[in-house]
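Hi everyone, thanks for making time.

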Amino acid sequence: MFKKLIKKSRAKSPWIMHFDCGSCNGCDIETLACLTPLYDVERFGIINVGNPKHADVLLVTGTVNHRNKAVLKNIYDQMPDPKAVIAIGACGLSGGVFRDCYNVVGGVDKVIPVDVYVPGCPAKPEAIIDGVVQALAKFEQKQAG
Amino acid sequence: MSNRTVIPFGPQHPVLPEPIHLKLVVEDEIVKEAVPALGYVHRGLEMLATKRDYHQMINVCERVCGICSMIHAVCYSQSIEELMKIEVPERAQFLRVIWSELHRMHSHLLWLGLFADAFGFEALFMQFWKVRERIMDINEATAGNRVIVSVNVIGGVRADLSQEQLRWILDELEIVEKEVKAMENTILNDYTVKSRTVGAGVMTYDQAYELGAVGPTGRGSGLKSDARMLGYGAYKHLDFEPVVHPDGDSYARSWVRFHEVYRSIDLVRQAAAALPEGDLAAKVKGNPEGEVVMRVEQPRGECLYYVKGNGSKFLDRVRIRTPTFANIPPLLTMVPECELADVPVIVLSIDPCISCTER
């Protein structure tokens, strides 16, 4: 019964963690804007936490570069299973406008598996919330399987 | 002598949305030294100048930093316009001022919120961000995008403001002013807030001058330096006086930023009242050649662009010196001898923008 309760509350109240992986701040401030009164994802039980060990969903913004890819991998490994990853913004998807730069590895999926891609430069808060909702559906599948 | 311990601060840290890494050498609870480690956001976008032509580079320059993207684009287009001797229409210059000041307002409100979050006042953080959404709505309604407004082209702007839009912007700003004023007492006079900010991270006038602090960080130490005093663009037609506070602590820096919101509202009103009729953009012919240095004032301080053209459509070099880069040496003098718990407040008090710094 206890397991069932955890399973349900995980999907109903996911804790998210945000990691800026070399974005221009545009997507980061939009991610933060989701938490503030106009969009207020807390009404869905979504809380932003700072510790990867508490997090269920990882939001990654920005391109991966040679220096922070180890950090990103480290944070992903510290998160407990089951977990979902959302890549936000054109840079997180493919490198975006910076894809030709010498220090850019590419999208987030070059380093860790990504479940949901949220396009936009920068992605709008509505799109990010939609991405989180889609990630939750995958999350429930992962829990079942 | 007691033991020295090294505590890592970042790269992933709850108070900072961006990755900066500081190695804090602490003795008991007192920080003795801070060693910065940068490079987590370095993309190398200056090199893109050789791969994208000078019109496309505006797109890249806007994405140096999402928070001050408008002003980066203004600086870049002004440098190219100076190289190519393009006369920018007066109306375009005034429109650039309006969007720049809107950007400054949203950046300062964002910072005031994050600052409140850094000392644990979450309700205030939410309040500031609620007000900020009004400015984001203005951006979206007038330019089509919330954060990166993309209104600049070389030779002018691509979007216009109609009379109705101007009136609506001024009405909205009236509400913003009222709502910001309602928070003045809390952020500037509250006993609890003051106990966290007053005396935290002191930098004297001499230190600020010597280390070259720019923007609100320098102005919070009494340094009267603001690139808008140069009168670039339409600023020469507007009545402008920089906001200065002599104390040099975190409180002074938040005081300066808070009052700059009012100053920006005032500048938008002046620009809207004086907005002349005319074209939006001048015709651009040929390619840039030669070298130019351009300075503008960003929300975080003075930003410097160096552009070198070689007569083809690709530029030889774009060098960007951003305000946070200039403000990191001041930060490293503020942190020693402070308590470990004050580090987030002090780091945020310079308004670090790491993606600007590392590009």
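This is a predicted model: local features need pLDDT of at least 70, side-chain atom pairs count only at pLDDT 80 or more; totals for chains, interfaces and linings use all residues.

Take B:Phe9: its bridge partner in β2(B) is B:Leu22. That bridge brings us to the two strands themselves. How many bridges do β1(B) and β2(B) pair over? Six, and the sense is antiparallel, with β2 of chain B covering residues 21-27.

Zooming out, the sheet is an open one with three strands, in the order β1-β2-β3 of chain B, and the pairing is antiparallel. At the edges you have β1, residues 4-9, and β3, residues 30-37, of chain B, and each of those pairs on one side only. If you ignore direction, neighbouring strands here are turned by 25 degrees against each other on average.

Staying in chain B, let's go to a pair of helices. These are α5, residues 163-189, and α9, residues 250-274, of chain B; they pack at an angle of about 165 degrees, and their axes are 11 Å apart. The crossing of α5(B) past α9(B) is left-handed.

Who's meeting whom there? On the α5(B) side you'll find, among others, B:Leu166, B:Leu170, B:Val180 and B:Ile187, and on the α9(B) side the residues include B:Trp255, B:Phe258, B:Ile265 and B:Arg269. By class, the contact between α5(B) and α9(B) has 13 nonpolar residues, one polar and three charged.

Now, on to where the chains touch. Chain A puts 32 residues into the contact, and chain B puts in 34. Which elements of chain A give two or more residues to the side that touches chain B? Those are β1 (15-20), α2 (26-33) and α3 (69-78) of chain A. The largest share of that side comes from α2(A), with six residues. Sorted by class, chain A's side of the contact has 16 nonpolar, ten polar and six charged residues.

Let's finish on α2(A), then. Is it mostly covered or mostly open? Mostly covered: seven of the eight residues in α2(A) are buried. Those buried residues are A:Gly26, A:Cys27, A:Asp28, A:Ile29, A:Glu30, A:Thr31 and A:Ala33.

Notes:
Residues are numbered from 1 along each chain as its sequence is written. Chains are lettered from A and ligands numbered from 1 in the order in which they are written. Two strands pair if DSSP finds at least two bridges between them. Helices (H or I, at least four residues) and strands (E, at least two) are DSSP runs, numbered from the N terminus. Axes are lines fitted to C-alpha atoms, for helices over the stretch in contact, and angles run from 0 to 180 degrees between N-to-C directions. Two residues are in contact if their C-beta atoms, placed from the backbone, lie within 7 Å. Ala, Val, Leu, Ile, Met, Phe, Trp, Tyr, Cys and Pro count as nonpolar, Asp, Glu, Lys and Arg as charged, and the others, Gly among them, as polar. A crossing is left-handed if the near helix is turned anticlockwise from the far one by less than a right angle, and right-handed if clockwise. A residue is buried if 20 or more other C-beta atoms lie within 10 Å of its own, exposed if 12 or fewer, and partly exposed in between; C-beta atoms are placed from the backbone.
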